Amino acid sequence: MSAKAISEQTGKEFLYKYICTSAAVQNRFRFANVTAETNFDRLAQEHPWLLTERLVVKPDQLIKRRGKLGLVGVNLDLNGVKEWLKPRLMKETTVGKAKGVLKNFLIEPFVPHKQEEEFYVCIYATREGDYVLFHHEGGVDVGDVDAKAQKLLIRVDEKISEDLVKKNLLTHVPNDKKVVLASFIVGLFNLYEDLFFTYLEINPLVVTKDGVYVLDMAAKIDATADYICKAKWGDVEFPPPFGREAYPEEAYIADLDAKSGASLKLTLLNPRGRIWTMVAGGGASVVYSDTICDLGGVNELANYGEYSGAPSEQQTYDYAKTILSLMTREKHTDGKVLIIGGSIANFTNVAATFKGIVRAIRDYQVPLKEHEVTIFVRRGGPNYQEGLRVMGEVGKTTGIPIHVFGTETHMTAIVGMALGYRPIPNLPPVAAHTANFLLNSSSISNSFLFPAAKASTLFSKQTKSIVWGMQTRAVQGMLDFDYVCSRDEPSVAAMVYPFTGDHKQKFYWGHKEILMPVYKNMSDAMKKHPDVDVLINFASLRSAFDSTMETMQYPQIHTIAIIAEGIPEAHTRKLIKTADEKGVTIIGPATVGGIKPGCFKIGNTGGMLDNILASKLYRPGSVAYVSRSGGMSNELNNIISRTTDGVFEGVAIGGDRYPGSVFFDHVLRYQDTPGVKMIVVLGEIGGTEEYKICQAIKQGRITKPVVCWCIGTCATMFSSEVQFGHAGACANQASETAVAKNKALKEAGAFVPKSFDELGEIIRSVYDDLVEKGVIQPAEEVPPPTVPMDYSWARELGLIRKPASFMTSICDERGQELIYAGMPITEVFKSEMGLGGTLGLLWFQRRLPRYACQFIEMCLMVTADHGPAVSGAHNTIVCARAGKDLISSVTSGLLTIGDRFGGALDAAAKQFSKAFDSSMLPMEFVNKMKKDGKLIMGIGHRVKSINNPDMRVQILKDFVKQHFPSTQLLDYALEVEKITTSKKPNLILNVDGFIGVAFVDLLRNCGVFTRDEADEFVEIGALNGIFVLGRSMGFIGHYLDQKRLKQGLYRHPWDDISYVLPEHMSM
């Protein structure tokens, strides 16, 4: 949603802080907020003026006409304010149809003034620009300002001036106030633009000899501009409409939505209601709410919401469990129903999102059964058959009644079933996977042939496009569509992606691989592909404006589709203005695009290839449609393909308030296109575009049959305002309601069903009539070419299997949370197992005892470094001084680790274990090694001796003796040490040998490994890992030390090298 109402206090904070005007704005920041928790003594300390001035108090909860409702206390002292609040604060009141609790009040200084000093000013956004309304008589009785006020339209990119204001708005204002008012209105308009307001009303605006006073204010800002205005806005709170509480669950979902690229919305209407919905898609969510209300369920409808935009399994799980938690808190005598609905998805993997819902159902299966919940599911789209199968399976295993339906069932039929108005059919189980792309579902023999399209047609079989963004899946979908449409060449000529250099990207054209150029900048792409006239812009909401404006500089581009949702409205209006000037058609923003069967499709429109085939989108039909919603456009593909000869063209103009092209633009194109025989329009609450269609039908400009239905009829039944999934789906006046528009369309001569439920029937009726009259002559069709299914998609559907390239059992990063050996990373931190415990999970796949974790960390500490003279550190230093990077230098040091340096841990563990396990006496072991001419690994030190012990060994020995349950091998090694040191005092058990034998004791006796497992870890070299990991810390230290000391290239001195050459060479 874009335009969101803010509190009066927030609006005034913005105004007082940022307005730039020569008018003297009085009472800046003089307001105080009162709630049930307010301490008036502290409030008076923070705002001393409360004790000295007369005051006004009023609720600040988005309530209109507070004065007429008796909700403003005027000319009171602070005690008077307290008395005025007593019967009102935290009390329920009714405003129109809405009942709510008054809980937030605003106190401001009372401004004595005369009636003639009150004025009215309002600024609001429209498609063509911003209107400034002004009336010289403001206040409670201002009346119908639309009819009475002076109006000034400041068109997009135009500037306001004081002269304009005086000339157009202030004709009835006394001369002594014109200068002040003109300056204030100009400053207010500039503030409105800079802070991305969409609505700003002040009534009354009082102008006295002392200056300007802003008494009452109402405002909305464009929430999508947060990334632009964050520094000025700060953290804005958007209060709910009066009569609807702000629930923590709504805030939780809003937070999930803000952190996700998907769309997640939740509004609680009646938490005690028995009808709950979990609907995929902004348009579909409105249709389901409409149908529930049409069937009399408005008072039992518990929530409105939607999830769309391919949310992850975890996001869907979080969304679903929130709804299931809410609906299982209070029982209902008639039980409850959950409607999991949706249109046919374009690109969302239905099975993947259903996995999250299934997880939530399993988690809540006990309360769901206790509350007698019945679940009805209807969905279509990529992999929907698998999703429905899984959903049906969970119903059988949990015992929860779950009724599952696919695209063969009308989208809203499950509502009638859930509410008892339709029987629940016993359908055969759906197929387990998506239809094989290599198979064709029809055996037919003739293709449709239509007259050539007019020049105004957006797409043809020769249309070439550029795709902005690395959207390989969408591009491959377009190429597959092209192939089944028997196009001669791909419709995508190139891609533009600024974040990589120019290169080629591999795609499939039917069975063969092709290379597609990817350019770093738009200018190169345009120069090299002059035949391109369409841009499909997948840029993010932050960069879509700039990339689209840049593209419109190239006259070859005639059509641009903007996919991104959440572009600020002010930016969209600039795009529209530029497009109108340059003759460019914009589809979007916030759209999936459009499709022209047999010719061209935009991005993910129409879904995967199985849906393209099922909806017969590979060849043209006779019906053209236009909708706002992308998901609902795919539903229309399904409905039209089942009730007529198919779609000729379909466009989803996008859900924003100001789409680049409007319904009427496309309806006129369809009227002027000979191949189109009838037109379907899926309108929506909000805006007035549908009235243009009414007018054109009445005037005879549109003569083809128009079937039209505006969704959002439920809005007039709700007691408080509900913002639906699309930013533009909100009625600001009676004429913008879906009910009013449907009525007007029917009166104008359009074919309007009684509800969305009957849309398919009326389309069929109109089509059959046209066939009967001979206007449409259905032709036989030929099967399209076959396209192989992508390997990755076939595998996801479970159609094929392939041995994995390699296996892993220690870590899994694929889910919502990183997992180490089965333990989520959050649990790793909660358990405070430290680095030793983490190493235990990743190396040994076990959760080790606390003492074992500590021992590992101690080993890492004592092996971290042993000075610069050892070979590993020496190599690291030489590399660092040669200018090599960190990785190269450390690797150089690590490569010296082996039997002679650092590798004694493994060798010592193996030698001592073998001797001990074969029951060899320590003396026998020493003698055998001497006889075999082998060194005993882990015995001996260059500096340390029995008389100068290594404190590292002593520290470890004290810890091991205190904490290890058994130290048999260590004791054996210490007996060997006694023998070796009796011969030479430096033949001690060194730190490598100690760690090696102690680690064997740990593995064998800590209770988490079998003997075979313990021996295997020694055999595969796990113990050397301790030295490698520990010493890496020291090597990094030496590298950083050399860089910090700025040491130059190392050259070994000659006097430290003994040059021994052969005698004949030296002669």
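Strands β29 (residues 623–627) and β31 (residues 678–684) run parallel and pair over five bridges. Strands count as paired if DSSP finds at least two bridges between them. This is a predicted model: local features need pLDDT of at least 70, side-chain atom pairs count only at pLDDT 80 or more, and totals for chains, interfaces and linings use all residues. Residues are numbered from 1 along each chain as its sequence is written, and side-chain values use heavy atoms, without hydrogens and water.

**The sheet**

- Six strands form an open sheet with mixed pairing, in the order β28-β27-β30-β29-β31-β32.
- Helices (H or I, at least four residues) and strands (E, at least two) are DSSP runs, numbered from the N terminus.
- β28 (600–601) and β32 (706–711) are the edge strands, each pairing on one side only.
- Ser627 stands opposite Leu682 in β31.

**Helices on the sheet**

- Helix α20 (residues 630–643) packs on the sheet and touches β27 (594–596), β29, β30 (647–652) and β31.
- Contact means heavy atoms within 4.5 Å.
- The direction of α20 makes about 160 degrees with that of β29.
- Helix α24 (residues 759–773) also packs on the sheet, touching β31 and β32. Its direction makes about 160 degrees with that of β31.
- Axes are lines fitted to C-alpha atoms, for helices over the stretch in contact; angles run from 0 to 180 degrees between N-to-C directions.

**The pocket lining**

- By class, the lining of the second largest pocket has 14 nonpolar (Ala, Val, Leu, Ile, Met, Phe, Trp, Tyr, Cys, Pro), nine charged (Asp, Glu, Lys, Arg) and eight polar residues (the others, Gly among them).
- α32 gives the largest share of this lining, three residues.
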